[in-house]
Amino acid sequence: MKHVIVVGAGPAGLMAADVVSAAGVSVTVYERMASVGRKLLMAGRGGLNLTHSEPIEAFLGRYGAARAFMRGPIEAFPPAALREMADRLGQETFVGSSGRVFPRAMKASPLLRAWLVRLAGQGVEVRTHHEVAGFDEERRILVRGRDGRTTAVASDATVLALGGGSWPRLGSDGAWVDWLRGLGVSVSPLVSANAGLAIDWSPHFRDRFEGEPLKRIAMAVCGLRLKGEAIITRAGLEGGVVYALFPKVRQALGAGSSAVLRIDLRPDVSVENLAARLARPRGKQSLASWLRKAAHLSPVAIGLLRETRADGLPNEAEALARAIKDVWLEPAGLGSIERAISSAGGVALDEVGPDLMLRGCPGLFVAGEMLDWEAPTGGYLLQGCFATGHAAGRGVLRYLGREPGEVDA
C-alpha cells in the first residue's frame, strides 16, 4: 500500500490527510506539539469564523497579489464545500450579519473532535510530539520522536503544512524556511500579517482608552480606504480594518515611506451635514458633551480627536467637521510576528505547480500558510488553508496515480 506523510496537524495538514486517506491511501501525520490544531482552537476562542459568504470574485479579491494563484484551490474547494464538510461533521453553520460564516457551536473544539474521529476511521495515524528536523541526502524527512532520536522516514509522497511564523508557541515557528532553502527552493522572509500597528499614544490617552473600540469608522492609507472597526491597545491599534490595511502599511514602511493613517470618525455623514449639526447653538454644554450629542461621537472617538490635535480643536463648525472626518495618525511600527494573527512570505508561488508540488522536488507538496499568500481576517485565512490542503491532497493522489474524488464525509 502507498504511504503518505503529512507534516503539521493544522487545517491544511488535516485536510490533505482527509483527502488522501479517503481514497484508501495510508497516511501518517506528524505534529511537533502535544496536541493537534492549536492555532485552529485559538482562532475559535472568540467564535470560529470558518469562511465568508460573499460572491466568489469578491472573495478571491481578498487575496490581493495571490488572487490568480488561489483561484484554483478555492474554486475546487469553495466556501460552500467547507460549510458542507462542517455540516457533515455534525457542526451546522450559519451566516452572520456581516456575511461571515460560523459553526452554531461558535467554537472550534467540537468540529476538530469530530474531524479527528473521521480521520481515525479512515486509518489516519496522528503522531504528536514528533518534530521534523529537515531532510537527509535522499530527501527523506528527518523525524525527532519523543525519545529524542532522529530517524529518516521514507514515503511515497509528503505534504508539508507547517504553518507560517506567527504565534510560534502554538507550533508554527518557521524553522522549515532553512530546510527548503537548502533544497534550492525560493522562500521569501516571513513577516507579520493581520497584526497591530504601533502608535505612540500619550500616557493619558493610553490609560484612559486602552481596550475601547472605534466603531463604524473608515480608515485610509496609501490610497486604500476601508470601513470597519478598530480597537485601541496599549501599544497602538488593532482590529479588522487595521488588519485589512496592514499589507499597505507594511509595504510603505518597508520601503522607507510614510504610512499616515487617515481616519474618518463619521463616514456615514458628509462634511456639510456634520457642519450644520455643529453650527447649532451649544449653550453651556462642554465640548465633549456637544460632540457626543451633535456629532454622535463616542468618548474614545473624542479622545482620539483630541489626542491628534496638539493645537486644540477648531471652534468653527466646518473646520471641526473636517477634523472629525480626517484624523491623522502615523504608525511608529508594525506588530511583531510572534503576536500576529498570521504571517506573509513563504514559498514563492511559482515554485509549485497547480497540484502544489514543488517543481524541483517530485513527491513533495506544500500547503497552507507556508505558501506566500496572505488574506485579511473574516474567514479568508481559514478558507485558504483548507483549500490549499485540499488541493495538495488531490495533487498527491494524482502523483500516486489515483483518481481524486470528493472528500468522503
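Phe94 stands opposite Phe102 of strand β5. The model in which this pairing occurs is predicted; local features require pLDDT of at least 70, side-chain atom pairs count only at pLDDT 80 or more, and totals for chains, interfaces and linings use all residues. Residues are numbered from 1 along each chain as its sequence is written, and side-chain values use heavy atoms, with hydrogens and water left out.

Strand β4 is joined to β5 (residues 100-103) by 3 bridges, and the two strands run antiparallel. Strands are DSSP runs of E with at least two residues, helices are runs of H or I with at least four, and both are numbered from the N terminus; two strands pair if DSSP finds at least two bridges between them. Both strands belong to an open sheet of 3 strands, in the order β3-β5-β4 and with antiparallel pairing. Its edges are formed by β3 (51-52) and β4 (93-95), each of which pairs on one side only. Helix α5 (residues 79-88) packs on this sheet and touches β3, β4 and β5, its direction making about 140° with that of β4. Contact denotes heavy atoms within 4.5 Å.

Strand β10 (residues 157-160) takes part in parallel pairing. Strand β1 (residues 3-7) is joined to β10 by 4 bridges, the two running parallel, and Val4 stands opposite Ala157 of β10. A further 3 bridges join β10 to strand β20 (residues 364-366), again in parallel; here Leu160 has Val366 of β20 as its bridge partner. Ala157 and Val159 point one way from β10, whereas Thr158 and Leu160 point the other way, and all are buried. Buried means under 20% relative accessible area, exposed means over 50%, and partly exposed lies in between (1.4 Å probe, protein chains only).

Helix α14 (residues 380-399) comprises 20 residues and reaches 28 Å from its first C-alpha to its last, close to the 28 Å expected at 1.5 Å a residue. The expected span is 1.5 Å times one less than the number of residues. Because 18 of its 20 residues are buried, α14 is largely enclosed by the rest of the structure. Just after α14, Gly401 adopts a positive phi of about 80°.

Two packed helices are described by the angle between their axes and the distance between the axes. Axes are lines fitted to C-alpha atoms, for helices over the stretch in contact, and angles run from 0 to 180 degrees between N-to-C directions. The axes of helix α4 (residues 67-76) and α14 come within 8 Å and cross at roughly 85°. The two helices are therefore roughly perpendicular to each other (65 to 115 degrees; angles under 35 count as roughly parallel, over 145 as roughly antiparallel and the rest as oblique). Met70, Pro73, Ile74 and Ala76 of α4 make the contact with Gly384, Ala387, Thr388, His390 and Ala391 of α14.

For helices α11 (residues 287-294) and α12 (residues 299-307), the axes come within 10 Å and cross at roughly 120°. This angle makes α11 oblique to α12. The contact involves Leu287, Ala288, Leu291 and Arg292 of α11, together with Pro299, Ile302, Leu305 and Arg306 of α12.

Gly345 lies in strand β19 (residues 342-347) and is buried, with a relative accessible area of 6%. Apart from neighbours within four places in sequence, Gly345 is in contact with Ser188, Pro189, Leu190, Glu369, Met370, Leu371 and Asp372.
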